[in-house]
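Hi everyone, thanks for making time for this. Let me put the structure up on the screen, and then I'll walk you through the parts I liked.

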Amino acid sequence: RPGKADQAALDAVRILSLELFECDVWEVISNKNRLKVSSCLRWTGCDWQALGLVLYKVQQHVLQVVYVGVSIECRRQHVGRALVKSVKELSRKDLSCSSAVAVVQKNISPEAVMFFRAVGFKKEELKGGDGEKVFLRMEMKRQGKRKSEGSGSSSQGGLSLLLWEEVLAQAKYFAKRYGKESKAEQEKSEI
């Protein structure tokens, strides 16, 4: 998070986000969507290199993994799996967090569905779903704690789930509207 980490590391994460989804990650996160960023970085001896990043939020006892992205040269090397594991570990510290979910557009990201299933998420039917989205859930295991009754419910009453494509479209709209897109595109062309 800006102001909380080394500026070179933040820049590496920003550069990776421009590579992955053509938008500055720091423009995507906002107080409104309450997204958090976790990343996997490598020290190259003189600078930071971002290998991958995950955007997530915790709301009403549920961790939602909104986006997982890995640098092209680091794919198929368990970076995405490590990112999901790190976010799960962070959410386990929050004793109220009972499950993790991901919502993916079925026709846009079939490989994302396969990835989430490979890291332990199970496909579930979403009440009132339109068939275009795949809802995936993983129950969180607590060490030394008994699972409370009723925590396995798939009902998401009042939970506001984010869809990555909508979050990204909104970020790009606001960036363009307020003139930030040209700066991000400029920096991408310099890379």
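**A walk through the fold**

By "buried" I mean under 20% relative accessible area, while exposed is over 50% and partly exposed is in between, using a 1.4 Å probe and protein chains only.

Before I go on, a word on where this comes from. This is a predicted model, so local features need pLDDT of at least 70 and side-chain atom pairs count only at pLDDT 80 or more, while totals for chains, interfaces and linings use all residues. Residues are numbered from 1 along each chain as its sequence is written, and side-chain values use heavy atoms, with hydrogens and water left out.

Okay, back to Arg137. Which residues does Arg137 form salt bridges with? One is Glu124, where the closest N and O atoms are 3.4 Å apart. Arg137 sits in strand 6 and Glu124 in strand 5, so this pair ties together parts that are 13 residues apart in sequence. The other is Glu139, with its closest N and O atoms 3.6 Å from those of Arg137. For a salt bridge, we need a side-chain nitrogen of Lys or Arg within 4 Å of a carboxyl oxygen of Asp or Glu. Put together, Glu124, Arg137 and Glu139 make a network of salt bridges.

The structure holds three salt bridges, and we still have to meet the pair Asp11 and Arg14, whose side chains come together at 3.1 Å, N to O. Both sit in helix 1 (residues 7-21), three residues apart, which is about one turn of the helix. Is Arg14 buried or exposed? Arg14 is buried, at 14% relative accessible area, whereas Asp11 is partly exposed at 25%.

Now let's zoom out. The protein chain has six helices and six strands, and along the sequence they go α-α-β-β-β-α-β-α-β-β-α-α. Those helices (H or I, at least four residues) and strands (E, at least two) are DSSP runs, numbered from the N terminus. Of the 191 residues in the chain, 39% count as buried.

Next, the strands. Strand 4 (residues 99-105) and strand 6 run antiparallel and are joined by seven bridges. To call two strands paired, DSSP has to find at least two bridges between them. Among the partners, Ser99 goes with Glu139 in strand 6, and Val103 goes with Phe135. On strand 3 (residues 62-70), things run parallel: three bridges join strand 3 to strand 4, and Val62 has Ser99 as its bridge partner. Strand 5 (residues 122-124) runs antiparallel to strand 6, with three bridges, and there Lys122 stands opposite Arg137.

How many of the seven residues in strand 4 are buried? Seven of the seven are. Both faces are covered, with Ser99, Val101, Val103 and Gln105 on one side and Ala100, Ala102 and Val104 on the other. Strand 6 (residues 133-139) has five of its seven residues buried, so it is largely enclosed by the rest of the structure.

Let's move to the loops. Between strand 3 and helix 3 (79-93) we find Arg76, and His78 has its place in that loop between strand 3 and helix 3 too. Arg76 has a positive phi near 65 degrees, without being a glycine, and His78 has a positive phi of about 70 degrees, although it is not a glycine either. Arg76 is exposed at 84%, and His78 is exposed at 56%.

In the loop between strand 6 and helix 5 sits Leu162, which counts as buried at 16% relative accessibility. The C-alpha atoms of Leu162 and Gln64 are separated by 8.1 Å, although the two are 98 residues apart along the chain.

Last stop, the surface. Tyr173, Phe174 and Tyr178 form a nonpolar patch with about 350 Å² of accessible area together. Accessible areas come from the Shrake-Rupley method with a 1.4 Å probe, and for residues only the protein chains shown count as cover. Patch members have over 30% relative accessible area and no salt bridge, with like charges joined within 9 Å and nonpolar side chains (Val, Leu, Ile, Met, Phe, Trp, Tyr) within 5 Å. Tyr178 is in the loop between helix 5 (164-177) and helix 6 (181-190), and it is exposed at 54%.
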